[in-house]
Amino acid sequence: MSAQPTPVTTTGYPWPIESTRLANGLRVVVSEDRSAPVVCVNLWYDVGSRHEPPGQTGFAHLFEHLMFEGSLHVAKTEHMRLVQGSGGSLNATTNPDRTNYFETLPAEHLELALWLEADRMGGLVPALTQETLDNQREVVKNERRQRYENVPYGDAWLRLLPLLYPAGHPYHHATIGSMEDLNAAALEVFQAFHQRHYAPNNAVLTVVGDAAPDEVFALADQYFGALSPVSDIPAAPSGHLSGPATDPARDTVSTDVPAPRIYLAHRTHPFGSAGYDTVTVLAAVLGSGRGSRLYQRLADGARIAQPDYVGAYGVDLAHAPAPLIITATAKDGVSPQTLEEGLTEVVDSLATEPVTDAELDRAKALLTTAWWRQLSTVGGRADTLGRYTTQFGDPAAAGYRLPAWQAVTAGDIADVAAQVLRPESRVTLTYLPKETS
């Protein structure tokens, strides 16, 4: 190891944090918690769909699958068998900003998890075969059909992104990618993508639970320390946008859906910024649960929206203005036009009708509960620390998020709503049942 561990404490994250960086650039973060004999090992790679060059969309997500298909010393499906056979659970996820792999297992199997992750970081390419690649391409195709194409309203995200972000922007396409790109790329192209991005100096290893920092640092050096860094990791394309959109965008889809549904979307501020903290509270006021404005005014009041299908949420993207998505589904007999008018009226009210103390307190209580629920497990804590280390360079930055939400005022919400929820920057996506189109 090239640096001494750095202890960190923060009132917003009440467990100890220590971190170090190996000589090859791997950042290692440990948060010790002896309350139960379990550990979570979480590895964040700074590669997601925003890093994909033209013609290689869907690569990061495909590697989420391929990383379970064997590596130099681990046979196909053996990673899963070893973790589950040790009493553990595991998974992986991909989004525009990153890919992460994680295992939660009894503490005595910490070394096994670190060895497995190190082997697929450094040993996937030698084990990757054409047969494995072709098999997982088919798995991704099936996933696209099951999650996006054959589910009512399932392709909303695929349709919203190109409306929110211009062509060439790193957030313009979804992580599922283009099936044409996945089919066209040769094995060597996939191998090169892995070798460029899945390197120790492009990753954060986080361990939370029943393990001492010194033990974790030593094991990390033992298993990851010999892996070579990559000197020329390509930077993601810039997500900079010169300002808010100045022209509204609209798409209407007639398809097999049970009722009309409206999505309104706006670009706001990047995740981690003060502006996005306000947007997060705004979204809770607007669309979280039965006490929200949308529910009270459209589902319970005007009775034009289905109670179970009205809401608002931000998508936590860190490298460009992140989207706020607002949605409602029409009740029987309600026209799409009536629903859209009601939806826009409630959204516009945030800039002109001050948020009440009760609305603000309720929103902050919901966010506080969600925050501590996330941190109530070793897995949730490991993922949170990995995220803040990867995206902001500091695991302790996680402790600032909840206080930032709690500091948001009604005036902040009105200001941000007036700034980012303007009609001229609005994206509107409408789903119509075929028979009413």
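**Charges, rings and strands**

Analyst: Happy to! In this predicted model, Arg 261 sits over the face of Tyr 153, 3.7 Å from the ring centre.

User: Nice. Which residue lies over the face of Phe 68?

Analyst: That is Arg 120, at 4.5 Å from the ring centre. Phe 68 also belongs to an aromatic cluster, together with Tyr 45, Phe 59, Phe 63, Tyr 101, Phe 190, Phe 193 and Tyr 198.

User: And does Arg 120 have a salt bridge partner, and if so which residue is it? What is the distance?

Analyst: Arg 120 forms a salt bridge with Glu 103, with the closest N and O atoms 3.6 Å apart. Arg 120 is in helix H3 and Glu 103 is in strand E6 (residues 99-106), so the pair ties together parts that are 17 residues apart in sequence.

User: Are those two buried or exposed?

Analyst: Arg 120 has 1% relative accessibility, so it counts as buried. Glu 103 is buried too, with a relative accessible area of 0%.

User: Tell me about H3 itself. How many residues does it have, and how far does it reach?

Analyst: H3 covers residues 110-127, which is 18 residues. From first C-alpha to last it reaches 24 Å, close to the 26 Å expected at 1.5 Å a residue.

User: Where is the kink in it centred?

Analyst: On Met 121, and the kink is about 50°. Met 121 is among the buried residues of H3, which also include Glu 117, Asp 119, Arg 120 and Gly 123.

User: Back to salt bridges. How many are there?

Analyst: The count comes to 22. One of them joins Asp 33 and Arg 381, whose closest N and O atoms are 2.9 Å apart. That pair links distant parts of the chain, 348 residues apart: Asp 33 is in the loop between strand E3 (27-32) and strand E4 (38-45), while Arg 381 is in helix H13 (residues 378-392). Both residues are buried.

User: What about a bridge within one helix? What can you say about Glu 138 and Lys 141?

Analyst: Their side chains meet in a salt bridge of 3.0 Å, N to O. The two are three residues apart in helix H4 (residues 130-149), so about one helical turn separates them. Glu 138 counts as partly exposed because its relative accessibility is 38%, whereas Lys 141 is buried at 18%.

User: Switching to rings: how many aromatic pairs does a search of the whole structure find?

Analyst: It finds 17. One of them is Tyr 165 with Tyr 171, an edge-to-face pair with 5.6 Å between centres and 75° between the planes. Both tyrosines are buried. Trp 371 and Trp 405 also form an edge-to-face pair, 5.8 Å centre to centre with 90° between the planes.

User: Where do those two Trp residues sit?

Analyst: Trp 371 is in helix H12 (residues 357-374) and Trp 405 in helix H14 (residues 401-406), so to speak a link between distant parts of the chain, 34 residues apart. Trp 371 and Trp 405 are buried.

User: You mentioned E3. Why is it described as largely enclosed?

Analyst: Because five of its six residues are buried, E3 is largely enclosed by the rest of the structure.

User: Which strands are joined to E3?

Analyst: Strand E2 (residues 13-21) is joined to E3 by four bridges, and the two run antiparallel. Thr 20 stands opposite Val 28 there. E2 and E3 form a hairpin with five residues between them, and Gly 25 in the turn has a positive phi of about 100°. Strand E7 (residues 203-209) runs parallel to E3, with six bridges joining them. Ser 31 has Val 208 in E7 as its bridge partner.

User: Last one: is Pro 54 buried or exposed?

Analyst: Pro 54 counts as exposed, because its relative accessibility is 82%. It lies in the loop between E4 and helix H1 (59-66). The C-alpha atoms of Pro 54 and Glu 69 are separated by 26 Å, with the two residues 15 apart along the chain.

Notes
Residues numbered from 1 in each chain as written. Predicted model: local features only at pLDDT ≥ 70, side-chain atom pairs only at ≥ 80, totals over all residues. Heavy atoms only, no water. Expected span 1.5 Å × (residues − 1). Bend = angle between axes of the 7 residues up to and from the residue. Buried < 20%, exposed > 50% of the residue type's maximum accessible area, 1.4 Å probe, protein only. Salt bridge = Lys/Arg side-chain N within 4 Å of Asp/Glu carboxyl O. Phe/Tyr/Trp six-rings, centres within 6.5 Å; stacked < 30°, edge-to-face > 60°. Lys NZ or Arg CZ within 6 Å of the ring centre and 35° of its normal. Pairing = 2+ DSSP bridges.
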